Amino acid sequence: MSVETKIIQGDCAEALKSFSNETFDLIVTSPPYADRRINTYGGTKPEHYVEWFLPRSAEFLRVLKPTGSFVLNIKEKVENGERHTYVLELILALRKQGWLWTEEYIWHKRNCYPGKWPNRFRDAWERCLHFTKSRKFKMNQEAVMVPMGDWAGARLKSLGKNDVVRYDSQVGSGFGKNIANWMDRTMAYPTNVLHLATECGNKNHSAAFPTALPEWFIRLFSDEGDWVLDPFAGSGTTLNVASRLGRNSIGIEVLPEYCQIAQQSVVGNQLQLLEERRAYDVSDKSEDRDVHQTKHPRLPSEKTRKPRRAKAGAGT
């Protein structure tokens, strides 16, 4: 199965304006955190982060399909001895913008960096916020099931009377369970905590996340042939994974050097998979739709309009 991958150099706030409404099935991204990567992305102050992000998320909302999902990997920073609230403020602002805050997944970093601080312990987790446009969205739960584990043999070996019928919670929560339903099963649904190491195959980016992180969400919230967007593409980890899983993808990145890294990475992955080789272009502006459609006939529809230049320093 051949897939399409496009890498666009520019600010996603401007680049996405050339795309039609409801183009993408899934958005997976990790934007630069507040005051982070100053040497590469310039950094955005925590007190200005929500203001900086909302014009971009407005475009995400517009180009995402009604059944699509938006997964945002982000983590608040420590400032003056306490956690800053810009991520919480962003969540509230996104809800006002029209997003549904459907779920929060936790990325547990199994090999987090060691350290010692006077008032806290080392960071071992990051947020993966799941937003949707509607309460009915695409979700392939079976695609991310996990082995039942050793506990199942001991727990299911001898079932009590409360295990073979629906047993309501004794604290009056309204929840119930029927343990017998899981007999003879080898797989179970996962929790909302992802235990992943921080190593990744890409060593040329200041903040690349492990391939297993976007892979989990791409499997869960998209199908083969769907369109995946990473508006802060960095060195192309999401694009690489999407391509390997048979998803079409578009990445937007403000820095030209990372666009080149992403291009080389994705092309190399395509060749390794023995898939049909196609032209992977890096552009700093939207191209005329007629010409572009000729080169990439399966790319999602874009509006034919004069592109606007991205603001210097904006974006990632």
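## Helix packing and aromatic pairs

Start with two neighbouring helices: Pro214, Glu215 and Ile218 of α6 touch Thr237, Thr238, Val241, Ala242 and Arg244 of α7. Keep in mind that this is a predicted model. The chain runs to 316 residues, 46% of them buried, and has nine helices along with 15 strands. Among contacts with a separation of 6 or more, 73% join residues 24 or more positions apart.

**How α6 and α7 cross**

- Two packed helices are described by the angle between their axes and the distance between the axes.
- For helix α6 (residues 212–221) and α7, the axes come within 9 Å of each other and the crossing angle is roughly 45°.
- That angle makes α6 oblique to α7.
- As for handedness, α6 goes past α7 in a right-handed crossing.

**α7 and what comes after**

- α7 is mostly covered too, with seven of its eight residues buried.
- The buried ones here are Thr237, Thr238, Leu239, Asn240, Val241, Ala242 and Ser243.
- After α7 comes Gly246, which has a positive phi, near 80°.
- Further along is Asn248, which belongs to strand β14 (residues 248–253).
- Asn248 is buried, and its relative accessible area is 0%.
- Val228 is 20 residues away from Asn248 in sequence, yet their C-alpha atoms are 6.1 Å apart in space.

**The α3 and α4 pair**

- α3 packs against helix α4 (residues 86–97) at an angle of about 35°, and their axes are 10 Å apart.
- This is also a right-handed crossing, with α3 passing α4.
- From α3, the residues in contact are Pro46, Tyr49, Val50, Phe53, Leu54, Ser57, Ala58 and Leu61.
- On the α4 side, they meet Tyr86, Glu89, Leu90, Ala93, Leu94 and Gln97.

**Aromatic rings**

- With centres within 6.5 Å as the cut-off, the count comes to 18 aromatic pairs.
- One of them is Trp52 with Phe232, a tilted pair with 5.8 Å from centre to centre and 35° between the planes.
- Trp52 sits in helix α3 (residues 46–63) and Phe232 in the loop between β13 (227–230) and α7 (237–244), so this pair ties together parts that are 180 residues apart in sequence.
- Both partners, Trp52 and Phe232, are buried.
- The two also belong to a cluster linked by ring pairs, whose members are Tyr49, Trp52, Phe53, Phe60, Phe70, Tyr86, Trp99, Phe131 and Phe232.
- Tyr49 and Phe53 from that cluster also turn up in the contact between α3 and α4, as does Tyr86.

**Lysines over ring faces**

- Lys75 lies over the face of Trp125, 3.3 Å from the ring centre.
- Lys109 lies over the face of Trp107, and here the distance to the ring centre is 5.1 Å.

Notes. Residues are numbered from 1 along each chain as its sequence is written. This is a predicted model: local features need pLDDT of at least 70, side-chain atom pairs count only at pLDDT 80 or more; totals for chains, interfaces and linings use all residues. Side-chain values use heavy atoms; hydrogens and water are left out. Rings of Phe, Tyr and Trp (its six-membered ring) pair if their centres lie within 6.5 Å; planes under 30 degrees apart count as stacked, over 60 as edge-to-face and the rest as tilted. Helices (H or I, at least four residues) and strands (E, at least two) are DSSP runs, numbered from the N terminus. Buried means under 20% relative accessible area, exposed over 50%, partly exposed in between (1.4 Å probe, protein chains only). A charge sits over a ring if NZ of Lys or CZ of Arg is within 6 Å of the ring centre and within 35 degrees of the ring normal. Axes are lines fitted to C-alpha atoms, for helices over the stretch in contact, and angles run from 0 to 180 degrees between N-to-C directions. Angles under 35 degrees count as roughly parallel, over 145 as roughly antiparallel, 65 to 115 as roughly perpendicular and the rest as oblique. A crossing is left-handed if the near helix is turned anticlockwise from the far one by less than a right angle, and right-handed if clockwise. Contact means heavy atoms within 4.5 Å.
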